[in-house]
Amino acid sequence: MPTPYQTHVGSFTRKSTFFWAAVGATVGLANLWQFPYLASLHGGGLFILLYLACLLLVTLPLMVTEAALGRYARHGIVLAMDGLIRSAKRSRLWMAVGRLSILAAFLVLSFTAVFGSIALAYVFFGALGRFSGAGNSEATAILAGLVSDPREYRIFMGWHIFFLLLVILVSAQGVVKGLERTLRVVVPGTLVLMLVLFGLAVWYGRIDGAVGQILAMHPEDLSWGSLRAALFHAFFTLGLGMGVWAILGSYTTPHTRLKRSILAVVLMDTLVAILAGLMIFAIATDGNSFDGERGFSLLFVSMPVTLAQLPASQFLIATVFLMVVLIVWTTSLNLLEPVVGWFREWTGAPRGLSVVLIGLAVWLAGLASLLSFNLWAQERVGGATMFRWLELVTGGLLIPLVAILIALFTGWCLTRHLARTMLGAAPGLFAGIWFWVMRLVLPLVVAWIGVQYTAFSLSNLCDSGSTAVWCEQPATLLSGAGADAQEEPADTPPSGGASGGGSEGNEPVPAVEQLPPAENSSKGKPGEKAPQEDDILYHSV
């Protein structure tokens, strides 16, 4: 048996585990319900090339930095920052970087688990034939009955607990027996399952239309908005700013080629997004266009409605949503890891106890998002539910802020020698590009992304009738950002209704926020509203 390279929090035993764990962390729901829409809207294959350029020139250096930081320190991001701060003799205020990243991972995990519970419920709904003969209105009513009905929130909570138990049971087994063994089986298995479903899409679907929309070059659809879309998607869908890459880097074996593995992960993530996009386009559309669908409506309404028309539909629907559950499950395992690692390093508590305590805290925090869709749907602060604020704080503030601070600290506070030592052996050209991207390019680009993200979110609240202070005179500034975002939705939350489509995002005005009072709702009736695409920003998951 391989001998683990021991660290304080644990380590992997095989050098390839880092690759599979990182793929599990980066392949998320946005690959399924956002990337194909963006590619079809912004030039098809040209958008994919633009997206790859943004990955390689902007976000790849940050991914390498976070992973190298963890590998160099052999600790999670909090203690890793502590060691570098001491070595560089810098202010202790920089410790906020690690703590904010842990907070971001915790909050994102809290609402990611909610979406995982919806997918888990859909596995059983599909297997039991709930979608047999269903049209758009019936499928929308099924989604609303699960998520939005204030009278049925306890059932939704039960699915939430079920999903979190699946995460906790694996994580509590440890880095090797739990995380490593699971990711080495589940991630490749998910990719194989996706290939099988892609084969079915080719057999039953309209693959020619999918290829024409997603892979064919459409230069007439390319614009500056396409660059914004590519930047947003490249930044928000790779698990940056949450300590995930640092903890995975700390688990690597001495023989893992970190930078080469990260490049392979980026390419694999893009390949999966293209494959998933072709599959979903072929199955869930009429073969001509997405008609504005993405997010919840694409995945949780259009997909089961279309699959229900095929032979063995119960098996197909259950299999598709099993794939979705596996994707969210591996994402959740990776998001839990930096929080558990930090808690163990801070308290010295054993792994099992740490996982249970953090899992309980995630469950409690997740209730704020879960109940925002039903029981607390009418409870607003500044025109937004608790879920909307959690998503805005993480996506618009915490994640961009952590990324900016890591870039500034690495580029300006570390000596050239220490930075190169942390980076490890690298070609001179790569090291030079990495250094200047961290110093200048990344802080400016990510600051712009964070401001745009926040401006659009606040503007969207104003468009939804909020009377908050930012919706008064300064609204001209926000309305400009909102209009821009509506023109180029790639860098913004999806817009559109749930009728005709399904439900999530990584993270508006929730349709659940527009639901009539509980006494006027009628569970299961066609026309009842379910969460819309605008409920969630895809970026966080």
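**Entry 1: the second largest cavity**

I looked up which helices line the second largest cavity: helix H1 (17-26), helix H9 (175-204) and helix H15 (313-347) each supply at least two residues. H9 gives the largest share, 4 residues. I note that helices (H or I, at least four residues) are DSSP runs, numbered from the N terminus. This is a predicted model, in which local features need pLDDT of at least 70 and side-chain atom pairs count only at pLDDT 80 or more, while totals for chains, interfaces and linings use all residues. Residues are numbered from 1 along each chain as its sequence is written, and side-chain values use heavy atoms, with hydrogens and water left out.

The cavity holds about 70 Å³ of space. On a 1 Å grid over the protein atoms alone, a cavity is a set of points where a 1.4 Å probe fits but cannot get out, a pocket is an open set with protein on both sides within 12 Å along at least five of seven lines, and lining residues have an atom within 4 Å of a point. Among the lining residues I found Val23, Val187, Met194 and Thr330. The lining has 7 nonpolar, 3 polar and no charged residues (Ala, Val, Leu, Ile, Met, Phe, Trp, Tyr, Cys and Pro count as nonpolar, Asp, Glu, Lys and Arg as charged, and the others, Gly among them, as polar).

**Entry 2: the pockets**

Next I turned to the largest pocket, with about 240 Å³ of space. H4 gives the most to its lining, 5 residues; helix H4 (45-73), helix H13 (258-284) and H19 each supply at least two. I counted by class 10 nonpolar, no polar and 2 charged residues.

The second largest pocket has about 200 Å³ of space. Its lining includes Arg71, Arg257, Lys259 and Arg260. H4, H13 and helix H18 (416-423) each give two or more residues to this lining, and H13 has the largest share, 3 residues. The classes here are 4 nonpolar, 2 polar and 4 charged.

**Entry 3: helix H11**

Is H11 largely enclosed or exposed? I found 11 of its 13 residues buried, so H11 is largely enclosed by the rest of the structure (buried means under 20% relative accessible area, exposed over 50%, partly exposed in between, with a 1.4 Å probe and protein chains only). Arg228 and His233 are among the buried residues.

I also checked its length: at 1.5 Å a residue, the 13 residues of H11 (residues 224-236) should span 18 Å, and the end C-alpha atoms are 19 Å apart, which agrees. The expected span is 1.5 Å times one less than the number of residues.

**Entry 4: aromatic pairs**

I found 28 aromatic pairs in the structure. Rings of Phe, Tyr and Trp (its six-membered ring) pair if their centres lie within 6.5 Å; planes under 30 degrees apart count as stacked, over 60 as edge-to-face and the rest as tilted.

Tyrosine 122 and phenylalanine 300 form an edge-to-face pair, 5.0 Å centre to centre with 85 degrees between the planes. This pair links distant parts of the chain, 178 residues apart: tyrosine 122 is in helix H6 (residues 96-127) and phenylalanine 300 in helix H14 (residues 295-307). Tyrosine 122 is buried, at 0% relative accessible area, and phenylalanine 300 is buried at 1%.

Tyrosine 453 lies in helix H19 (residues 428-463), so the pair ties together parts 217 residues apart in sequence.

Notes: Grid points are joined across faces, edges and corners, and a volume is the space filled by probe spheres set on the points.
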